[in-house]
Amino acid sequence: MYKRQGQKVAEAKFGGTTLGLSDVVMHKVAEKLVIGKIRQALGLAQIQAAASGAAALSEHLEKWFRSIGIYILNTYGQTESTGIITMAAPGEDCAGTIGKPAPDTEFRIAEDGEILTKGRHVFIGYFKNEQATRETVINGWLHTGDLGEIDSRGRVRIKGRKKEIMKSSGGKMVAPVPIEERVKESPLVSQVCMVGDGKKYFSALVTLSATAMPSNVNGNNVINDPTLQAEVKKVFDRVNGELASFEQIKKFAILAREFSVDAGEMTPTLKMKRNVIEQNYKDVIEGFYN
């Protein structure tokens, strides 16, 4: 109940509509009995404002936080841009996006989809590395290395890293991050690493959420429990139904542990190192295509 009432309030706030009296009363009850206690348990009872950076916040996560009364402003930037490139304005529905270009900056999407920005916020260059500077700032435009698109409302959506674009053996180019994020919307799934660059089809390595992980997992690389396999397949069937045939994930493996910083598979900011993951699970990946 609390979630539904929280969602109604958030939808009304961002949709410019007015709640009925019954919904107002029900939300006050939900706030007192449940929602306020959730914020308290999270240590966020006194929160006044929240912002997200470093990586795009998933739309379903942002909407979940809204349902408990926490409105997060998405921002996007790099060290090379001395901070913010885009930002969400308070009260504007930017769920699933990184907002709009910051004031007094130039912004555009290159022909290959890369996000470019120009202005006083762009750095002078890398210390004692002129070659790297020339490759990163071209004619005053900072080449971020991120791929994006601008929707009809002027909001920017991150599609992935330029270096992470995958190409099927048929020549189709696919950005894996948006697909991985769709899979991670399932409460079953914790992490997803799409693989298959240069292959006929794409596959995925999947880790389970703590609540879905079996208690009797051993040291094997993969979990072959038929019930779990069937449940995770339903997740991929749902996601694949929203994708073009060349984007779809045809095979998957459920791993017995999450990707970790200690294993070199994640950066300290919890971004996946695909090359390390692919090396660590080389045998599993080869099994998808044998």
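How many helices and strands does the protein have? In this predicted model, local features need pLDDT of at least 70 and side-chain atom pairs count only at pLDDT 80 or more, whereas totals for chains, interfaces and linings use all residues. Residues are numbered from 1 along each chain as its sequence is written, and side-chain values use heavy atoms, with hydrogens and water left out.

The protein has eight helices and 15 strands, these being DSSP runs numbered from the N terminus (H or I of at least four residues for helices, E of at least two for strands). Its C-alpha trace spans about 60 × 55 × 35 Å along the principal axes. Of the 290 residues, 39% are buried, that is, under 20% relative accessible area with a 1.4 Å probe and protein chains only. Among contacts (heavy atoms within 4.5 Å) with a separation of 6 or more, 54% are accounted for by residues 24 or more positions apart.

The accessible surface comes to about 16500 Å², and 52% of this area belongs to carbon and sulfur atoms, as computed by the Shrake-Rupley method with a 1.4 Å probe.

The second largest pocket holds about 280 Å³ of space, a pocket being an open set of points on a 1 Å grid where a 1.4 Å probe fits, with protein on both sides within 12 Å along at least five of seven lines, and lining residues having an atom within 4 Å of a point; the volume is the space filled by probe spheres set on the points. Two or more lining residues come from each of α4 (130-136) and β8 (141-150), with β8 giving the largest share, three residues. The lining includes Glu80, Tyr126, His143 and Arg161.

Methods:
Buried means under 20% relative accessible area, exposed over 50%, partly exposed in between (1.4 Å probe, protein chains only).
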